[in-house]
Amino acid sequence: VDFIIFCVALFLTETVRNCVIRRVRFLRERLGLGKPEFNIAKEVMDLVYKQMVFWSGCFFAPLLPALAILEVIAIFYLKKWSSLVNVIPPHTVVLTSQSTSTINGL
């Protein structure tokens with residue numbers, strides 16, 4: 001269920017928005033809308049959340065880790081495709097020390 005919701009949300013939020021922005025000239029010129037930036041922090045936290053849910057469920061369903069591995073691989077390739085097509089690289093660079101301190105703080 002989570003994977004289906006992820007696919008639908010990915011399609012509706014990023015792909016449809018990109019198609020509308022490309023086709024409607026008014027949105028690009030007057031409103032200044034364009035492709036959104038890739039949000040590294042959000043994507044990392046989404047991945048950590050999905051892995052936490054799956055690995056915490058392995059005590060209740062022993063085959064859940066196999067499903068988790070397949071789902072995370074599928075999500076990786078879907079996000080890769082979406083990132084290449086629908087978003088632009090971020091303007092700010094995230095340094096490793098910032099990421100490490102943030103994750104250790106959690």
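User: Which residues does Glu 14 touch, not counting residues up to four places away in sequence?

Analyst: First, a caution: this is a predicted model. Contacts are read from heavy atoms within 4.5 Å. Leaving out residues up to four places away in sequence, Glu 14 touches Ala 9, Lys 79, Ser 82 and Asn 86.

User: Where is the place of Glu 14?

Analyst: Glu 14 sits in helix H1.

User: Is Glu 14 buried or exposed?

Analyst: Read the relative accessible area. Buried means under 20%. Glu 14 has 18% relative accessibility, so Glu 14 counts as buried. The buried residues of H1 are Phe 6, Leu 10, Glu 14, Thr 15, Asn 18 and Ile 21.

User: Where is the kink in H1 centred?

Analyst: The kink in H1 is centred on Phe 11. The angle there is about 30°.

User: Now charges. How many salt bridges does a search of the whole structure find?

Analyst: The general idea is a distance test: a side-chain nitrogen of Lys or Arg lies within 4 Å of a carboxyl oxygen of Asp or Glu. A search of the whole structure finds four salt bridges.

User: With which residue does Glu 14 form a salt bridge?

Analyst: The partner of Glu 14 is Lys 79. Their closest N and O atoms are 3.3 Å apart. Glu 14 lies in helix H1 (residues 2–23) and Lys 79 in helix H4 (residues 64–86), so this pair ties together parts that are 65 residues apart in sequence. Both Glu 14 and Lys 79 are buried. The two side chains also make a polar contact, at 3.3 Å.

User: Which residues does Glu 43 touch, not counting residues up to four places away in sequence?

Analyst: With those left out, Glu 43 touches Phe 38 and Lys 79. Glu 43 belongs to helix H3. Compare sequence with space: Glu 43 and Lys 79 are 36 residues apart in sequence, and 9.0 Å apart in space, C-alpha to C-alpha. Their side chains make a polar contact at 3.3 Å. Glu 43 is buried, with a relative accessible area of 18%.

User: Which residue meets Glu 43 in a salt bridge at 3.9 Å?

Analyst: That is Lys 42. Lys 42 has 43% relative accessibility and counts as partly exposed.

User: Which residue meets Lys 42 in a salt bridge at 3.0 Å?

Analyst: Asp 46 does, N to O. Check the spacing: Lys 42 and Asp 46 are four residues apart in helix H3 (residues 40–56), so about one helical turn separates them. Asp 46 counts as partly exposed, at 34% relative accessibility.

User: Which residues do salt bridges that share partners join into one network?

Analyst: Follow the shared partners. One network joins Glu 14, Lys 42, Glu 43, Asp 46 and Lys 79.

How values were computed: Residues are numbered from 1 along each chain as its sequence is written. This is a predicted model: local features need pLDDT of at least 70, side-chain atom pairs count only at pLDDT 80 or more; totals for chains, interfaces and linings use all residues. Side-chain values use heavy atoms; hydrogens and water are left out. Helices (H or I, at least four residues) and strands (E, at least two) are DSSP runs, numbered from the N terminus. Buried means under 20% relative accessible area, exposed over 50%, partly exposed in between (1.4 Å probe, protein chains only). A polar contact is a pair of N or O atoms within 3.5 Å; within protein, one must be able to donate a hydrogen and the other to accept it, and residues adjacent in sequence count only if both atoms are side-chain atoms. The bend at a residue is the angle between axes fitted to the seven residues ending there and the seven starting there.
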